[in-house]
Amino acid sequence: MPKGRKRAAIQFHYGAGSLSRLPRLVRRMTPGRSLLLIVDPGIASIGERAEALLEASGLRTISFADFSGDPRSRQIEAAAQAARAAGAEAVIAIGGGSALDIAKLAAAVAGAEQPVESYALCRAPLPAKGLPCLLVPTTAGTGSEATRTAVFTTEAGAKVWAWGEELRADQVLLDPELTLGLPRQVTVATGLDALVHAMEAVTSRRGGRASRALGLQAVRMAREALPQAAEAPGNLEARARLLVAAWLAGRAIDLAGTGIAHALGHALGEVAGLHHGRAVALGLKVALPRNVRAAPEAYAAIGRAFGLEGSEDEAVAEELPLAFAQFLEKLGLDQQLPEGLSLERLLLTVQREENQPMLQANCHSYSQPELRALLEALLPSPA
Ligand SMILES: [Fe+2]
């Protein structure tokens with residue numbers, strides 16, 4: 001199977017209706033004619049359009065849509081196997097974060113012998129030469145198209161990540177028209193994921209000037225565009241700004257990582273099956289009051305990007321937790337967790353190895369009693 005070469009930087013393409021450029025962009029990545037096309041099963045009609053465009057220009061596509069919800073290692077193995085069987089010379093993904101993460105990993109491991117789980121948590125280096133990869137996000141979003149990270153669930157049920165240059169996409173195509181059909185709930189949850197990325201990147205201990213600038217711009221754009229896109233799903237301008245905000249926020253976390261909200265969110269996703277965006281939004285909501293005291297200057301900058309006013313940093317930062325909670329309320333986010341969740345299991349999960357990078361990057365180091373208090377604040381109070 002011919003190998004692709006990873007580029008130093010992602011080639012980025014943007015425009016309403018730009019899906020039609022897909023065949024030309026594929027030809028930039030590979031002279032080959034055989035492609036693996038990973039398409040979110042929920043957007044089959046967009047997948048059919050893409051397939052027709054590619055086939056019309058002489059490219060041969062094998063479609064893979066055998067997944068739902070968060071990616072699992074066996075689905076990634078199946079996608080990699082489909083690429084091998086078809087002799088695919090490039091991978092294209094169209095869909096939400098799950099489709100993109102499956103594509104990034106399948107492209108990276110298609111030519112390798114080891115199972116994908118062996119690359120979790122950087123335990124083994126990713127194969128040096130994977131297949132070239134083009135990502136087309138249809139949610140706004142996880143920012144997966146901009147990062148060198150992919151998250152998946154192991155056969156044992158643990159939510160883990162893989163990281164490496166080898167997971168960087170070769171090309172990204174942002175076409176806001178593809179997000180027009182997103183249901184409100186998905187728009188809200190994925191948009192909140194992007195907003196949380198932006199806020200966590202700005203306040204990360206691993207961040208710098210670039211991640212801060214990218215994150216603050218993403219906060220400004222998402223704060224306005226998310227409610228507009230939720231209220232008027234056909235508002236192309238709002239969809240476009242939200243898609244760009246998610247891309248910028250993805251760039252920001254690629255540089256700075258995420259924080260406590262993602263540690264809590266991954267535990268809530270694993271233990272309670274919560275949608276990732278909803279989980280991290282609730283995680284940030286409970287962590288903000290303590291977080292803002294640890295980094296008032298950074299949170300003041302976020303507060304101003306979020307529309308708050310005032311000259312005193314501390315005062316602006318302290319307004320943010322309430323403003324963020326009201327924002328979630330206005331968006332109609334379901335904030336009620338299911339009954340019967342085990343606090344002890346959540347606590348153990350939050351502290352596991354895979355969540356340590358997020359806990360360590362957070363602006364405040366949470367002690368175990370503090371983590372317990374955050375989880376207690378999240379769980380439904382006993383009747
Ligand atoms: Fe996220």
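At 35% relative accessibility, Phe12 is classed as partly exposed, whereas Trp247, at 6%, counts as buried. These two residues belong to a predicted model, in which a search of the whole structure identifies four aromatic pairs. Because Phe12 is part of strand β1 (residues 11-14) and Trp247 part of helix α7 (residues 236-256), the pair ties together parts that are 235 residues apart in sequence.

A further aromatic pair is formed by Phe306 and Phe324; this pair is tilted, at 6.5 Å centre to centre and 45° between the planes. Phe306 is located in the loop between α10 (296-305) and α11 (313-331), and Phe324 in helix α11, so that the pair joins parts 18 residues apart in sequence. Both Phe306 and Phe324 are buried. Through ring pairs, Phe306 and Phe324 are linked with Phe327 into a cluster.

The iron ion is coordinated by Asp193 through OD and by His197, His262 and His276 through NE2, at 2.1 to 2.2 Å. Along the chain, these donors follow the spacing D-x3-H-x64-H-x13-H. Distant parts of the chain are linked by the pair of Asp193, in helix α5 (residues 184-203), and His262, in helix α8 (residues 260-272), which are 69 residues apart. Asp193 and His262 are both buried. The angles subtended by the four donor atoms around the iron ion run from 84 to 171°, and the arrangement is therefore irregular. A tetrahedral assignment would require all angles to lie between 85 and 135 degrees.

Helix α2 (residues 44-56) was examined for its length and its two sides. Its 13 residues, at 1.5 Å a residue, should span 18 Å, and the end C-alpha atoms are 18 Å apart, which agrees with this expectation. The buried residues of α2 are Ile46, Gly47, Ala50 and Leu54. These residues lie on the same side of α2, because they cover an arc of only 100° around the axis. Elements that cover the buried residues of α2 include α1 (22-29), β2 (34-39), β3 (60-64) and β4 (90-95). On the other side of the helix, Ser45, Glu48 and Ala56 are exposed. Helix α2 is followed by Gly58, which has a positive phi, near 90°.

How values were computed:
Residues numbered from 1 in each chain as written. Predicted model: local features only at pLDDT ≥ 70, side-chain atom pairs only at ≥ 80, totals over all residues. Heavy atoms only, no water. Donors = N, O, S within 2.8 Å, 3.2 Å for Na, K, Ca; no water. Tetrahedral: all angles 85-135°; square planar, octahedral: opposite > 155°, others 65-115°. Helix = DSSP H or I, 4+ residues; strand = E, 2+ residues; numbered from the N terminus. Buried < 20%, exposed > 50% of the residue type's maximum accessible area, 1.4 Å probe, protein only. Expected span 1.5 Å × (residues − 1). Arc of directions from axis to C-beta. Contact = heavy atoms within 4.5 Å. Phe/Tyr/Trp six-rings, centres within 6.5 Å; stacked < 30°, edge-to-face > 60°.
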